Amino acid sequence: MSFHRRVGIAIAVACSAGAGTALPSVAQAETAVLYVDNSTTAHCSDAGAGTQAQPYCGIQAAADAAQPGQTVQIAPNRTYQGMITVRRSGLPGKPIVFKADIPYKVPATGVEVGQQDGPDVPGYGFLISGVHDVSVTGLQITAPQEGVLVKDSERIVLDRTIVGAGSGGAAQPGPAVRITGHSAGVTVSRSQIASAGPIGVAVEAGVTGTVLTTNLVTETDGRGVLVTDAPGTVVVGNTFGRNCLSDIEFAGNSSGATVENNVLAKRPADWCGGVPVSSVALTVSAGSTQGTKVDYNSVQPAPGAAAYAWGGTSYATPEAFRATGQGAHDNGADPGFSQSTSDYRPIAVEGLTDAADASAPGALDTDLYGDPRADHPKIANTGTGNGYQDRGAVELQDTMSVMVSALPYSTTGHPLNARATVWYTPGWAPVGATLDFGDGTAPVPVTSGNSTVDHDYPAGGSYTLTLTATSETGLVRTSTGTVKLAPVGELRPSFGVYQPDRTVARVTVTDRTVSPWPVARYVIDFGDGTAPAVSEGPTPPSGVTHDYGVAGTYTVTETVVDDHGRTGSTGTQLYVAGPQAGVPFAGYFGGPTSHVGLFDKGRWALSYQKASGQANLVWSLGDPGDLPVVGAWDNTCQCQSGIYRPSTGTFALQHSDKSVSTVQFGEPGDLPVVGAWDRDNHDQLAIFRPSTSTLAVRHDNGSVSTMRFGDQGDLPVVGDWDGVHHAQFGVFRPGRNEGDPNLFILRHDDGSVSTAAYGVKGDLPVVGDWLGRGRTTFGIFRPSSHVFALSNAYGGQSDSVFTIYG
């Protein structure tokens, strides 16, 4: 913050209160806090009682209403225009307090109070006149003439404030703080003071018992502190820098003063508008030497100037000054302030660090920023009392720093895992650190200052992590971070089961369970009364097989238990075919109608007649366990053959030129379904997943569309039920009990569903255009008798029933 004459301070405009205010009501007197807030959302009123619900708009209204022991709580980060005049007094031990809670380590933040700008506008920020027991803390106060004027007042405290004078280019700015008249017992502490005028703090004639402690007084056009005819003034623990004339001057008869623990920093030679600075750093007039004590200061005069003027005699250095009997512990230690910025934090240096008189009157236990006194382990303690209080307003702090943050970091089997990132840097001494995860578990040591630590939490929720670092000197610093973890998802058992070879009553099961926690146990019940298959986790069972004694419809169930004791089950119904002559297929292999045939372990047998007899065409493609697929791969009206390998999810398609192409699509346990899905004169591949009753179609452009239709245990069928030259989907639902009918459940383009019963339990479905009318209908193959039965009902004809041989 700068109040040098070349810089103006702008004051924002808010509301102001008039001087004339009625006496407070009884309710006001009994309220411990009066609130001030001029923000647009506060609904303030200067005519009210200053409650939190309806605060005062201006500080003046609260000042006129305040009673002893009351606090005027001022909303921070606001600007309040106008001079504030304090007319009411507190009582000893019950002061009237004007307070704003600001983050004081951030300069120029908080409440700003001041008179309207203008070069010819006189005024003060705060005028405290003829009162006693008043405290002002946490405010930023600026004014064209004087920031704070204390007149004829006693027991006044100005603490943790930022005070400036000369804002807006005032013609004749005064001191930032002026104490005058018969004032006594005024304390200015832990404040930042600057002025574009001739004086930072002026203590004038007749004033007694003033204490200026732990302040930063900088960048005035004249003297930092000027005490004139004011006995008993204490100037202790302050930092001065870049003042154009003396940092401290006692004039007239200001005897009995105490000047200790101050840092009077060297000023740049051209700081004051290019005019060389040649004034003495500390001046004590002849009338002020009586009973005055000067000691434990670090004094650096401007280039070519004396360090001291004592009783009219100049002394160039602290060593020379000791001839007066004063300054026995004074020195010229350089605090290392930046000459180009307003950074007045000192460096570690002997004679300044751990070198103050802790017993000096007015010495505080905390510094300008409220930080405690700190003992630097590498610098000898040469102070009094605890021995390690620093000189100046700012206590050098250990540079040890800590920080922790955390985010969810879920990994397989660890859904409630979080990853904490920790940083700590040692300062003056080696450091050890521990991290508390905030869930009741014991803190863990952190051995690296920049590392990550993973932790599994017991449940979802919000947790606060605490990183605690302790140096070998006993300094403890902490940092906290919060992590929010979503509740653990459900255990979702899932599996696929299929019959690789329809001529063998054997099924294969593949687990697809999704579990946030590791799975501890898998149990598969095949539904035929045999002992379940058990697999201890966490590795899921893969390729589990089971042989059934007889063909039939079975319900296979999987039960999964995770390592947190949660259990889930799911089941599916499956028709298991027994030993049979093969798997039926149908398609246009020449001529106007669909032909049927049998696929058996890679051998294809096709019949052109719908009457019992020998197969007309036999060829080989595929292996045992494969399933037949028939479709127009080559944009012809005639179908080609292919196979689907359920164990790998692979289609192998034979073309008209006898070449074979392969396509990977689907997962183990899926069933193939081929049809003219895209209406472009050839067929596209698709699969049906029995475990979820889901159809997935692979389109020519590479996209995949899905649809759920049917129930567990259904088999897929595809045909042109509507005679519209493209495929519709349906399912074949085997009869559940011996003699029960099968159902064909067919989905049409308009979304409607038709159902037809045909055949009995144990049959397998086959669909085609048996009459050559451009419309698909249904049929069955009965493995027990090797008989095909094809329905011709929609054409008004009897069914075709026949057997294909060899």
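Predicted model: local features only at pLDDT ≥ 70, side-chain atom pairs only at ≥ 80, totals over all residues.
Tutor: Residues are numbered from 1 along each chain as its sequence is written, and side-chain values use heavy atoms, leaving out hydrogens and water.

Student: What is a disulfide, and how many does a search of the whole structure find?

Tutor: A disulfide is a covalent bond between the sulfur atoms of two cysteines. Here a pair of cysteine sulfur atoms within 2.5 Å counts, and the search finds one. Cysteine 44 is joined to cysteine 57, with S to S 2.1 Å. The link is right-handed, with 95 degrees about the S-S bond.

Student: Which parts does the pair tie together?

Tutor: Both cysteine 44 and cysteine 57 lie in the loop between strand S1 (33-36) and helix H2 (59-65), so the pair ties together parts that are 13 residues apart in sequence. Helices (H or I, at least four residues) and strands (E, at least two) are DSSP runs, numbered from the N terminus.

Student: Is cysteine 57 buried or exposed?

Tutor: Buried means under 20% relative accessible area, exposed over 50%, and partly exposed in between (1.4 Å probe, protein chains only). Cysteine 57 is buried at 11%, whereas cysteine 44 is partly exposed at 23%.

Student: Where does glutamine 499 lie?

Tutor: Glutamine 499 sits in the loop between strand S37 (495-498) and strand S38 (506-511). Its relative accessible area is 5%, so glutamine 499 is buried.
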